[in-house]
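Good morning, and thank you for coming.

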Amino acid sequence: MRLTSTVLGTPEPRALAEFYSKLLGWPIRTDEPEWVTLRPDDGSAGLSFQLETGHVPPVWPPADGAQQMQLHLDIEVDDLQEATAAATAAGAVVAEFQPQDDVRVCFDPAGHPFCLWTRTG
């Protein structure tokens, strides 16, 4: 068995794929109205984006009665400040609550959380 992709639901698969393509530098491989995929050139696991017209973004930090986060993406970066600036320029929003100094919790344009982080030590 081999994991090939993590799939994110979104009301706009192409737009979300374009965001992650800018952020990660991965090319779009499959581009259909209801399904778009990204995969790095080395062929390792990528990201896919599936049309979900009723998508409800999760809430961070968690709140009773709100859509709970079921997953998030961790993205290791060399320079947290530079990566955060690049992510926001591509369309991300930085979360108000930040749990650690070496992590930046952000939301993609569909509201999915992702963490930019640097290795310490």
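Let me begin with a term. A polar contact is a pair of N or O atoms within 3.5 Å; within protein, one must be able to donate a hydrogen and the other to accept it, and residues adjacent in sequence count only if both atoms are side-chain atoms. By that definition, four residue pairs, both at pLDDT 80 or more, are in polar contact between domain 1 and domain 2.

Please note that this is a predicted model, in which local features need pLDDT of at least 70, side-chain atom pairs count only at pLDDT 80 or more, and totals for chains, interfaces and linings use all residues. Residues are numbered from 1 along each chain as its sequence is written, and side-chain values use heavy atoms, with hydrogens and water left out.

The chain divides into domain 1 (1-53) and domain 2 (55-120), with bounds taken from an automatic or database domain assignment. Their centres, taken over C-alpha atoms, lie 18 Å apart. Domain 1 brings 14 residues to the contact and domain 2 brings 13, where contact means heavy atoms within 4.5 Å.

How much area is buried between domain 1 and domain 2? The figure is about 1100 Å², and carbon and sulfur atoms give 76% of that. Buried area here is the accessible area (1.4 Å probe) that two parts lose on being put together, summed over both. On the domain 1 side, Phe19, Tyr20 and Leu23 supply 42% of the area buried against domain 2, more than any other three residues.

As for salt bridges (a side-chain nitrogen of Lys or Arg within 4 Å of a carboxyl oxygen of Asp or Glu), the count between the two domains is zero.

Which elements form the side of domain 1 that touches domain 2? Both β1 (5-10) and α1 (13-24) supply at least two residues each; helices (H or I, at least four residues) and strands (E, at least two) are DSSP runs, numbered from the N terminus. The most comes from α1, with six residues.

One local detail remains. The peptide bond from Trp60 to Pro61 is cis, with omega near -5°, and Pro61 is found in the loop between β4 (46-51) and β5 (73-76).
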